[in-house]
Every structure is written in C-alpha cells, then in structure tokens.
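Here are my notes on the model you sent over. Have it open beside you as you read, and check each point against the atoms.

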Amino acid sequence: MAFLKKTEARESTENKVSVSNRFRVLATSTLIATLLLILVGGLVRVSGAGLGCPDWPRCWGCWLPPADISVIDPEKYDISQYNKTKMWIEYANRMVGVVIGLLIMSTFLCSFKYRKSNPPLFWASLVAFVLVVFQGWLGGVVVKSGLKPGIITLHMVMAMTLLTLLVWIVYKTKEPTQPVQGSSKLLNGTAMLFCLVIVQVVMGTQVRESIDPILKLEGTTSEVPRDEWLTSAGYRDHLHRFFSWAVLISAFVLLRKSRILPSFSAPKTLASCVFALVITQIVIGISLAYLSLPPLSQVLHLANSAVLICGIVFLWLNCKEDPTLQGNID
C-alpha cells in the first residue's frame, strides 16, 4: 500500500513537471516568435512595404492577397500603387502577427490553471494578451493613417513593452535558483541601461520616420541620393548618435561592476553579452551612417535592439532573484 502511494505521488509530480515544461516551452516559443515578428517588421520598413496592403484587416479589399490587379476595385483603391512583392511582404508580416496572437492567447489560457498558485504569472499572461490585441488594432491604425509619424513610434514602444513582459513570463517559468552574491549591486545600473536603450529605440524610430516621406514617393528616391537621406532627420539623428555614447558608457560600467561576480554565473555572463550587444548595435549604427543606410544593416539594427532589450531584462531579473519571492508554477 505504501508502495502504491509512493508511485502515485511520483506520477503526480511527473505530471506537474510535464505541465510546467509545456508551459515553459510555449512561453519561450512565444518570445522567440515575437522577436521574429520584429525582424519581419524590419523587412517591411526596409522594403517600404508598409502600405503593400493599403487597408486592414483586408488586403486590397480581399481576405487573401489578390493574385492579379484586375480583381481590385479601381474606384476604391489607387491601383497605380499595387506592387505584388510589397503586398506579400506586408501580408506575411500580418500572418506572423496572427501567429503571435494565437501563441499569446494560448499562453494566457494555459496560465489560467496557475491563477491561484502563481497569480503574477496569470496576470502577466492576461496583460500580454490584452497588449497583443491592442497591438493588432494599432497596426491597423498605422496602415489606415498612411504610416503617420508618432503612431509608428507608439507601435514600436508597445512592441518593446510586450517583449519585456514576455521575457518576464519566460523567466518566471524557470526553476528557482540561489541568488548570486553581489549581483544586487548591478540592479540600478541595469535599470538605467534599460531606460537609456528604450530612449534610443524611440529616437531611432523617429529618425526612421523622418526618412519615410522619401521612401513613399517613388520618384523622390532617384532624385535624393541615398547618402543624403539621413539629412532629413536633422537634429534627431544627431541626438540619436550622441546618446549612443551614454548607452555605451552605461554598459561598460555595468560590465566593470560584474567583475566581482563568480565566473560563469548568470548575471556575469549576461552582463558580458549585453555589452557585446551594445558594441554590435553601435557598429551596425556606424554602418548605417557611413554606408548610406544599407537595407541589411537596417534590419539587423532593429533586430539587435530587440535582443538587447531581452538581455537587459533577463540580467535585471537575475540580479533581483530571491528564492523567497520565487513562485513555483508546479
């Protein structure tokens, strides 16, 4: 009888771990997919495909991208702007967004069972679901506004907010570990670096908004040399470049402070990775400024900034880690 009870207890524990592992995989997959969406969004901006589908949620009045221009109503749409390549790029961006929405909805539904054992995890999943719905609606506003400046910046800020929340959810699904002695000394520096990077992302988005009017006009791109595109950003570009020094110094100070931590500890490793990502971001930024905004650099600049934010948030969470405050989703 005792043997049966032990067996049942062991099976029960295994089932709980299995559920936890599934939730962890789902949350991690959602985070990776969100990073992919940001990468695809970068491709959309670089290709100028933001209005590849001039309406939302449909595309040229159809639920599926029209195979031929003849099916488009010329009285409702300016068919001279029809571009099949841009249309499919924008449509792919929307489809990835739908997948993200389904993944986040699944994460929220799976978190419902933890509403009592781990309320923060449940509420964070709920907020993430609300945010992704808002992002979907805001994406439609961006299209309907004709890529109006300001709305694009808000769209980017909300994307980074959602990304940060997903990082928190993924972190909370990991097994509790002992805090690294001395890591709490990195907390303020990590928080400062996070704020600086967010400001940089906002300014970088505004720099890009300043270039969009040039990209919208087909004829203008041939009249304005590519190496002069950044001049349209004016003081925004100068601020963006100058502020990169603040980010670099902050990341370097953080790296120096991490020297007191044990070798190969998570906070120390993350601090090194964050510094490497900052250096990479600056190098990519230099290539943008002096190589006439190569498309590949534009995409990498956006993608690297998203990964950098994830790294900083993971670093902050690892420095703040306290087993007495850790929830156990099992």
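The points below go from the overall fold to single residues.

1. **Ground rules.** This is a predicted model, so local features need pLDDT of at least 70 and side-chain atom pairs count only at pLDDT 80 or more, while totals for chains, interfaces and linings use all residues. Residues are numbered from 1 along each chain as its sequence is written, and side-chain values use heavy atoms, with hydrogens and water left out.

2. **Overall fold.** The protein chain has nine helices and zero strands, and its elements run α-α-α-α-α-α-α-α-α from the N terminus on. Helices here are DSSP runs of H or I with at least four residues, strands are runs of E with at least two, and both are numbered from the N terminus.

3. **Contacts and surface.** With contact meaning heavy atoms within 4.5 Å, residues 24 or more positions apart account for 76% of the contacts in the protein chain with a separation of 6 or more. The accessible surface comes to about 17,500 Å², and 68% of this belongs to carbon and sulfur atoms. These areas come from the Shrake-Rupley method with a 1.4 Å probe; for residues, only the protein chains shown count as cover.

4. **Burial.** Of the 330 residues of the protein chain, 43% count as buried. Buried means under 20% relative accessible area, exposed over 50%, and partly exposed in between (1.4 Å probe, protein chains only).

5. **Cysteines.** How many disulfides does the rule give? The count comes to one, where a disulfide is a pair of cysteine sulfur atoms within 2.5 Å. The partners are C53 and C59, with their sulfur atoms 2.0 Å apart. The link of C53 and C59 is left-handed, with -70 degrees about the S-S bond, and both cysteines are buried. C195 is partly exposed, because its relative accessibility is 46%.

6. **The loop between α1 and α2.** Please look at the backbone here. The peptide bond from W56 to P57 is cis, with omega near 5 degrees, and P57 sits in the loop between α1 and α2. W60 is also placed in the loop between α1 and α2; its phi is near 55 degrees, a positive value in a residue other than glycine. W60 counts as buried because its relative accessibility is 3%.

7. **Another positive phi.** F264 has phi near 65 degrees, again positive in a residue other than glycine. F264 belongs to the loop between α7 (235-257) and α8 (266-290). Is F264 buried or exposed? With 80% relative accessibility, F264 counts as exposed.

8. **Aromatic pairs.** A pair of aromatic rings is described by the distance of the centres and the angle of the planes. Rings of Phe, Tyr and Trp (its six-membered ring) pair if their centres lie within 6.5 Å; planes under 30 degrees apart count as stacked, over 60 as edge-to-face and the rest as tilted. The structure holds 10 aromatic pairs. In one of them, the rings of F23 and Y114 have centres 5.5 Å apart and planes at 85 degrees, so the pair is edge-to-face. This pair links distant parts of the chain: F23 is in helix α1 (residues 2-47) and Y114 in the loop between α2 and α3 (119-144), 91 residues apart. Both F23 and Y114 are buried.

9. W88 and Y91 both lie in helix α2, three residues apart, about one turn of the helix. W88 is partly exposed at 45% relative accessibility, whereas Y91 is buried, with a relative accessible area of 11%. One aromatic cluster is formed by F108, F112, F122, W123 and F129.

10. **A buried histidine.** H301 lies in helix α9 (residues 295-320) and counts as buried, because its relative accessibility is 19%. Leaving aside residues up to four places away in sequence, H301 touches H240, Q281, I284, G285 and L288.
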